[in-house]
Amino acid sequence: MPASNPQADSFATLLSLLQADEIITSNSPDYEARAQTWAAQKHARPRLVLRPTSIESLSRVLAFLYRTRLDFAIYGQGFSSASAKDVVVNMSGFDDFHFDAPGEVVTVGAGQTWSDVYRKLADAAPEYGIVGARTPCVGVAGTIVNGGYSWVSSEYGCISDQDNMLDAKVVKYDGSVVWASTEPELLWALRGGGGGFGALVQVKLRVFPYPQHIWAGPILVPRGRLQEVAEGIANFLCRPVSPRITMFLYVVKGRLLESLGTDEDMLVIHAFDANGEEHGRAHFRWALDIPGAIDQTKITTLAGVANLQDKAGIVKGTMKQFWQPLLLKEISKDIVIKAVRWFEEIRKIDSSLGDCTYLIFELLSSSDPVGGMSGSAWPRPSDTKHIILLGTGCPADAGPTQEELARDLAIQAPSRVLGDYAEFHVLPNGFEDYHDTTKIWGPHVAKLRELRRWYDPDGRFKGAIGVQTDSG
């Protein structure tokens, strides 16, 4: 008799556990869409993609996979770049939605995008808002296990805070299904703990009445006005500001602005004021009055604000990407100027790297943790209000030399922009192998590692906090 092939036997068993429409092979037309990672270098090109459409089939698959030697990963929408060489379990089939009006709670499938959630909430309860991701194409589960910031985080906190993420249904490694509230330490770990505790299939999220006439959108300012923009931001942040105000700042390259009749790079001040247009224009007058400013703001809803970022997903998988998302207490004029110059210097080093580099200021975007540091697994520090997202990269087809350069530039970015001794904190959603888990999760690392051993005893799931060593 021919010798048995354990891996082939495992794949055959997997295929028998699912319906034909839940199985995606490398030859399937939707294979790339169901397996593509945000960072191209992390795409392991799995031999098989499974897309369960029921909790029962997911339970069978996870329980079996966990007992095999197959490399596997749980995949939401791909923006956390989860992948594996053998099997990816795509969770996008879990896209249900239920609005509980008396309780002001929605129960949503954890595999869908925030765009789906915003749209369904607008249909079911148009006067309500939710603490949901600012980039609508990212997935629900991934944002929760990595903290998650919203346009309303300065007012309501992170998506994963205990007042916002109320409960989650989880399929555990042995295929059993629980609501995490019945195992409180599991619920705590899911709130920003970096993943690796099972597969989220549903979450219960708080909703609340929220203004439907939000003044928001881009104010474009010529790059040559950087000094005025930096001064305006510094002065703006020194004054008391309503928690319903937040803003982004980023650079758009001139070649993308032909429709505006310019080839000059522009600084984009993306304003948000849920107090309405009159209030917003008064508080952002400093930006609107800068010579050459182009006002593209409008009145919209929370879902409409999120949809202003709906094109972010089109570049998924087109770059090898490395992140430094930094949480800060203060943003000065000098930091704004140094960050923009850092962004521009990379283009001079290598134009293809420059095209793959990100700089986004997310100002007045954070608030102290609801319930204090112990309320969630990610103990973000108090009095931190601002985020700088620094991201370097190179084209997906770039060779190892360019990839290594992009990675090195990412590692150096915080000191180049903030100085060698600046105090900052790295967000969980940008975790890379060059980050120290103890500097992100701090006093919670030991407990998270203990919970990883409990909910992942064989270390088969992929999560930021390692099961075995302090390095993660």
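The legends below describe close-up views of a predicted model, covering some of its salt bridges and one of its strands. Residues are numbered from 1 along each chain as its sequence is written, and side-chain values use heavy atoms, with hydrogens and water left out. Because the model is predicted, local features need pLDDT of at least 70 and side-chain atom pairs count only at pLDDT 80 or more, while totals for chains, interfaces and linings use all residues.

**View 1. Arginine 244 and glutamate 155 form a salt bridge.** A salt bridge is a side-chain nitrogen of Lys or Arg within 4 Å of a carboxyl oxygen of Asp or Glu, and by this rule the count comes to 20. In this pair the closest N and O atoms are 2.9 Å apart. Arginine 244 lies in the loop between helix H8 (226-238) and strand S12 (245-252), whereas glutamate 155 belongs to helix H6 (residues 153-156), so the pair ties together parts that are 89 residues apart in sequence. Helices (H or I, at least four residues) and strands (E, at least two) are DSSP runs, numbered from the N terminus. Arginine 244 is partly exposed, with a relative accessible area of 23%, and glutamate 155 is partly exposed at 26%; here buried means under 20% relative accessible area, exposed over 50%, and partly exposed in between (1.4 Å probe, protein chains only).

**View 2. Lysine 172 and glutamate 183 meet through their side chains in a salt bridge.** The N to O distance is 3.0 Å. Lysine 172 sits in the loop between strand S8 (165-171) and strand S9 (177-179), and glutamate 183 in the loop between S9 and helix H7 (184-190), so the pair ties together parts that are 11 residues apart in sequence. Lysine 172 counts as buried, at 13% relative accessibility.

**View 3. Glutamate 345 and arginine 416 form a salt bridge.** Their closest N and O atoms are 2.9 Å apart. Glutamate 345 is in helix H12 (residues 333-349) and arginine 416 in helix H14 (residues 400-418), so parts that are 71 residues apart in sequence are tied together. Glutamate 345 is partly exposed at 34% relative accessibility, and arginine 416 is partly exposed at 41%.

**View 4. Strand S12 pairs with S13 and with S17.** Two strands pair if DSSP finds at least two bridges between them. S12 and strand S13 (residues 266-273) pair in the antiparallel sense over eight bridges, and methionine 247 has alanine 271 in S13 as its bridge partner. Four bridges join S12 to strand S17 (residues 358-363), and these two run antiparallel, with tyrosine 250 opposite isoleucine 360 in S17. Seven of the eight residues of S12 are buried.
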